[in-house]
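Here's a quick tour for anyone meeting this structure for the first time. Take a look at it, then read on.

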Amino acid sequence: MNIADIARMAGVSRAAVSRYFNNGYISEEKQEAIRRVVEETGYRPSIQAQTLRTKKTKMIGVIVPKISSSSIGRLVEGMLSEFNRSEYRMMLAVTQNDPDKEVEYLMAFNDKQVDGVILSGTMFTPAHKRALKSLAVPVVIAGQYLSGYCCVYHDDYHACYDITKRLLEKGRTRLGYMSAMLQDKAAGDARYRGFCDAVRDMGHGPLADNVVTADFTAVSGYGKAEELMRMCPDLDGLVCATDAMALGAMQYFREHKIAVPEEILVAAHGGAEITRIAVPALITARYFYEKCGELSVRRLLELLRHEEGIVREVKLGYEIMDLNALLV
C-alpha cells in the first residue's frame, strides 16, 4: 500500500492524501473518505519517508534527572497528556542527576535531529549554556528558569518563604532547614533563599545558620536529620526542600522518640501523593508539576509552529497544604 493506492480507493487525489497525513487542509468529505480507507486497510505512512520529505522527525527529546522522583513522574505525565493529543512522540532521556549527562543528551538530540527539546535539568553550567546555544531546534526549559529561553517553572522562593513564615507564626521559633544543593537554582537556591529571608523578616535571623544539605532522597533526609539535631538539639520545627527529605527526617524522629508534630513540626515541598497519607501529617507546599509538563509541551509546539506572541516565561503558583492546622 502507498499513497497512490489510498487515493485511488478513496476517490481523491494523491495531494489530498498527503495533506491528510500532514495535517493540511482538506474538505470534511475527503477526510472521511480517506479515514475509512485507512481504517479498512490498516495503512500507516512510512516515518522514514516522511522525515526525508519534510525534514521533520515528529520526535521531541525530553531530558529529566530521574524518573523515580514523584515530581518528575508528575511532570512527565503532564507532558504525555499533551503529546498524546498531538502528532509528536516523546524520546525520554534520564540522566540520574548527572549534569554532564544532561549536556551529553543535549548534544545527542541535536545530532539525532529531533524537532525540539524539553530540558528539566538540575543546573546550568557554562557547558549547559554552550550546548543550549548550539541547538538547531527550539528548546523549552521545564521546572527551572534560564534567561533568554522559553521557561515554565515554579515560584519556589515564595513557596518556601510562606511555609517558613507559617511555622514561625505557629510559635516554632527554633527552626532548621534541610536544603538541596544550591547549584540547583529551583529546589536548591530559590527555596533556601526563601527560608533565609523569611526568618530574617520575622525577626529570627540567626536561624538562617541552622542549615544542612541533603540529597534528593529519604535516606539522605534521615542522616541529615541526625546531623541537624546535633547542631540544634532544641529544634522545634524543620523545613525540608523536598518531600523525600522530610519523610526520611520523620523516620529518624520516630525511631528516636521525638514526637511529630508536638515536639518538632515538619514541612516540605512538592506535594507528592504519599505526603497526603503520611502519619503524622506534613505541611507541604504543593507544586503543579502536571501543569508544568503540559505547558512545556504547548510552548514547544507553538515554537515549532512559529507562532507570534508566544508567552516565553510562565511562573506557576503553589498551594500550602496544612493538615496540621487543627493539631497545633
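Pro261 sits in the loop between α11 and β9, where helices (H or I, at least four residues) and strands (E, at least two) are DSSP runs numbered from the N terminus. This is a predicted model, so local features need pLDDT of at least 70 and side-chain atom pairs count only at pLDDT 80 or more, while totals for chains, interfaces and linings use all residues. Residues are numbered from 1 along each chain as its sequence is written, and side-chain values use heavy atoms, with hydrogens and water left out.

**Backbone**
- Val260 and Pro261 are joined by a cis peptide bond, with omega at about 5°.
- Asn97 isn't a glycine, yet it has a positive phi of about 60°; look for Asn97 in the loop between β2 (89–94) and α6.
- For background, most residues other than glycine have a negative phi, and most peptide bonds are trans.

**Largest pocket**
- The largest pocket has a volume of about 630 Å³ (the space filled by probe spheres set on grid points, which are joined across faces, edges and corners).
- A pocket here is an open set of points, on a 1 Å grid over the protein atoms alone, where a 1.4 Å probe fits, with protein on both sides within 12 Å along at least five of seven lines; lining residues have an atom within 4 Å of a point.
- Of the 32 lining residues, Ser69, Ser71, Ile72, Phe216 and Thr242 are the closest to the centre of the largest pocket.
- α5 gives the most to this lining, with four residues.

**α5 and α12**
- The axes of α5 and α12 come within 7 Å and cross at roughly 40° (axes are lines fitted to C-alpha atoms, for helices over the stretch in contact, and angles run from 0 to 180 degrees between N-to-C directions).
- That makes α5 oblique to α12 (angles under 35 degrees count as roughly parallel, over 145 as roughly antiparallel, 65 to 115 as roughly perpendicular and the rest as oblique).
- Contact (heavy atoms within 4.5 Å) involves residues including Ser71, Arg74 and Leu75 of α5 and Tyr289, Glu290 and Cys292 of α12.

**α6 and α7**
- The axes of α6 (residues 99–112) and α7 (residues 126–134) come within 9 Å and cross at roughly 10°.
- α6 and α7 are therefore roughly parallel to each other.
- Among the residues in contact are Pro99 and Glu102 of α6, along with Ala127 and His128 of α7.
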